[in-house]
Amino acid sequence: DVYQVHGFEFSRISQKNQYAGAPMPISVRAVDTGGRTVTGFSGEVRLQEITSFGLGRISPDRVTLSAGEWSGSVTMYRADETSINRGNVNIYAVLESDPSKNGTSDPFTVHPGPFSRVQIVVPGQSPWPGSVTGVAGSPATQSVGQSFAVQAYSTDQYWNPLPSADVVRITSNDSGANTPLSGALNNGYRQFSVSLGTVGTQTLT
């Protein structure tokens, strides 16, 4: 019975060090005001990854409780190492039809995965670690022959930034561009100054 549900309670998270993209076992139950499982509740609950940077990404982001309980594995994609000892990531459960019915897990840390790829961010975009595309926004229009800043980051598979001193090389399909450009990353980051020479849609790699 949804009317008996006061909120949601997660199982204790004993392993405080988790990794982006790695499944993590968890259980959640609907509870009444006394903390007892509401066995009469069966229904869908929304899950969210909450980090010190804001909302992350979790899969699955919806689970269906049966007789007041659900157990399984969830995967977080947004790394957050801002508090290694305590952890700054929580899983949040909420009943979408009544957001006052919610619950938050113990805090834990999500570490990035291994270095997997280089991310290019151009004007009009901003990095969005843990998201599907890795960026928010769309590339802004540039003028032929005018230089613009291009950011390069070393990241894991899920666009979480990582320290690196590797040399990166930027190329373009535009034969009139000032590419290729190369340079070493400094703590996983480098800015390049790029100019394009041909009108139309161009790409950087």
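Select N187, which sits in the loop between β17 and β18; strands here are DSSP runs of E with at least two residues, numbered from the N terminus. N187 has a phi near 55 degrees, a positive value in a residue other than glycine. Is N187 buried or exposed? Its relative accessibility is 59%, so N187 counts as exposed. The cut-offs are under 20% relative accessible area for buried, over 50% for exposed and partly exposed in between, with a 1.4 Å probe and protein chains only.

Before moving on, note that this is a predicted model, in which local features need pLDDT of at least 70, side-chain atom pairs count only at pLDDT 80 or more, and totals for chains, interfaces and linings use all residues. Residues are numbered from 1 along each chain as its sequence is written, and side-chain values use heavy atoms, with hydrogens and water left out.

Next, select A67, in the loop between β7 and β8 (69-76). A67 is not a glycine, yet its phi is positive, at about 55 degrees. With a relative accessible area of 35%, A67 is partly exposed.

Now go to two prolines. The S59 to P60 peptide bond is cis, with omega near -5 degrees; P60 belongs to the loop between β6 (58-59) and β7 (62-65). The T179 to P180 peptide bond is cis, with omega near 5 degrees, and P180 is in the loop between β16 (167-170) and β17 (181-184).

Then colour β12, β15 and β18. They form an open sheet in the order β12-β15-β18, with antiparallel pairing; two strands pair if DSSP finds at least two bridges between them. β12 (117-121) and β18 (189-194) are at the edges with a single partner strand each, so one side of each has no neighbour in the sheet. From one strand to the next, the twist averages 25 degrees, where axes are lines fitted to C-alpha atoms and angles run from 0 to 180 degrees between N-to-C directions. Five bridges join β12 to β15 (residues 148-155), and R117 stands opposite T155 in β15.

Finally, zoom out to the protein chain.

Definitions and conventions. Helices (H or I, at least four residues) and strands (E, at least two) are DSSP runs, numbered from the N terminus.
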